[in-house]
Amino acid sequence: MISRHNGVQEAPVVLDIDPYLYGCTPAPGCGVCTALAKQLDKGKTHEERFDAATEIRNHPHAEVVK
Ligand SMILES: [Zn+2]
């Protein structure tokens, strides 16, 4: 009753960073975006996926999303 700690490590807090770092909107019909989206999907590391998402965000299109 003195200590409530049970000696078991609490589960780590997992921050959901995907929506922010990997957030992107591949333009439909754009070959480059499609390839990058695939890269983003198959990326093994955060860096790979982040780079792909960044490239998609930076890929210029007539229609501006956000
Ligand atoms: Zn594109």
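Of the 66 residues of the chain, 11% count as buried, a residue being buried if 20 or more other C-beta atoms lie within 10 Å of its own, exposed if 12 or fewer, and partly exposed in between, with C-beta atoms placed from the backbone. The model is a predicted one, in which local features need pLDDT of at least 70 and side-chain atom pairs count only at pLDDT 80 or more, whereas totals for chains, interfaces and linings use all residues. Residues are numbered from 1 along each chain as its sequence is written.

The secondary structure comprises three helices and zero strands, where helices (H or I, at least four residues) and strands (E, at least two) are DSSP runs numbered from the N terminus.

Residues up to four places away in sequence not being counted, C33 touches P26, A27, I56 and H59, contact requiring C-beta atoms, placed from the backbone, within 7 Å.

Within helix 3, A52, A53 and I56 are buried. These residues cover an arc of only 95° around the axis, which puts them on the same side of helix 3, the arc being that of the directions from the helix axis to the C-beta atoms. On the other side of helix 3, H46, E47 and N58 are exposed.

Key. Two residues are in contact if their C-beta atoms, placed from the backbone, lie within 7 Å.
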